[in-house]
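Thanks for making the time this morning. I would like to walk through a few places in the model that is about to come up on the screen.

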Amino acid sequence: MIAAASQPVHPLFARAQTTLIRWRDDPALFVAEALRARPEPWQAEALKAVVSRDRLAVRSGHGVGKSAFLSWLILWWLVTRFPARVAATAPTAHQLSDVLWGEIAKWHRRLPDALRDAFDLKSDRLDLESAPNESFAAARTARREQPEAFQGFHCEHMLFIADEASGIDDVIFEVGAGAMSTAGAKTVLAGNPTRSSGYFFDAFHRLRKRWWTRRVSSEEVSRARGHIDDIIETYGRDSNAYRVRVLGEFPEQADEAVIPLDWIEAAVSRAVEPIASLRPVWGLDVARFGNDRTALAKRQGNTLLEPVLWWRGKDTMQTAGLVMDEWRESPEPERPGEILVDAIGIGAGVADRLNELGLPSRAINVAEQPARTDRFARSRDELWWRAREWFAERDCKIAADEALISELSAPTFGFTSSGRIVVESKDDMKSRGHVSPDLADAFVLTFAGGLDRLAPPARERKRYAGLRDRSGTWMSQ
């Protein structure tokens, strides 16, 4: 906890002053001696760079040791400087508390006894026990509506850490710009490069001269290779998922994607509750042939309630029975005001059968004219655009459904000669190596109902609660 031999040293560490001075300008030595760890080559490069540079940005694939690197920096900073402060942020509480702070806990336990006992580790702080107001690391989730994550920190030795920086709203960095620019302060950004715009993107492009940058591919880290084959099999080598999660490259076609990947990933783990005053709506995309899937999505206002359900190889009656079973198993408040069924192909028969069973089913022909004929070529194009606008509001939440995320981010869009928007067709997507976006189409169908219906009056609840199931018994409310 020393910045130089002439600066004050906390009494607890006076006897270790020589060692601390050695560690102060050599974080790799600190990692080797204090934590008994061997950095990957890229980690060693970055540990060396942080001594001479005030701004570092690392974009990477999954599993390369990013969280370990950040936790090493935090511990090194607090141990070798006094007074010292660290402000750490991430776009979600999970990433900050469970991932980064969990990694800090792991390496905190590896410290020599005297150093480990000197620091008090809490769920959102790491304090020097004898001087908690002078030396500490604090975790603050980055929220657009509360952009103070990097604001209000002042110290002689200040370190700013942004984990999964691509997912952090630019306003967080704008508000914290003054503190981050304080003389002697260091800023380290790291994460998967999910967004081809914003502060993290600019660090590698427009503002590159001001930053030390490093790209880390999962392919160059042996222990990170476990997920590569799964990514290739699921999404293909030419997919944005492979570029982002394996190569550590920014996604391509961000301007042409109907729904940018970073918008979708930001909606996972966002702290949003379903709007209780709105009735859920279900979207049902019925498989027509081959390996395509029948998919059922359940949305309530600004929340996708659960991962999209799907089945293969079901005929019309079996599909209707599966949807009926989902209805029967859902508590009354979670039953939809409408079930919107893609009526092209055999979907029309499913919609008819659901109506016979008394469910609020409505057939939707996505090939028909849209409501806005001046802007969209088909109804399908308009529905995808409504889904895009839903994500663009940045107040929505979806389940951590990797297949759905991939499908939602895959389609591109273009324009007709008259300027109307056309979303890429299923056949064109398949020709590019993507699977049929059945899960995404089911989700998009939930926007065919216009505004979500308000919770139905008591007489409507009674009508739906009294549906007769196929065994002939009356369903209870």
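Let me begin with Thr194, which counts as buried because its relative accessibility is 9%, where buried means under 20% relative accessible area, exposed means over 50%, and partly exposed is in between, with a 1.4 Å probe and protein chains only. Before I go on, please keep in mind that this is a predicted model, in which local features need pLDDT of at least 70 and side-chain atom pairs count only at pLDDT 80 or more, while totals for chains, interfaces and linings use all residues. Residues are numbered from 1 along each chain as its sequence is written, and side-chain values use heavy atoms, with hydrogens and water left out.

Thr194 sits in the loop that runs between β7 (186-191) and α9 (198-204); helices (H or I, at least four residues) and strands (E, at least two) are DSSP runs, numbered from the N terminus. Leaving aside residues up to four places away in sequence, Thr194 touches Ser166, Val244, Pro251, Leu261, Asp262 and Glu265, contact meaning heavy atoms within 4.5 Å.

Finally, Arg386, in helix α15 (residues 379-392), counts as partly exposed because its relative accessibility is 28%.
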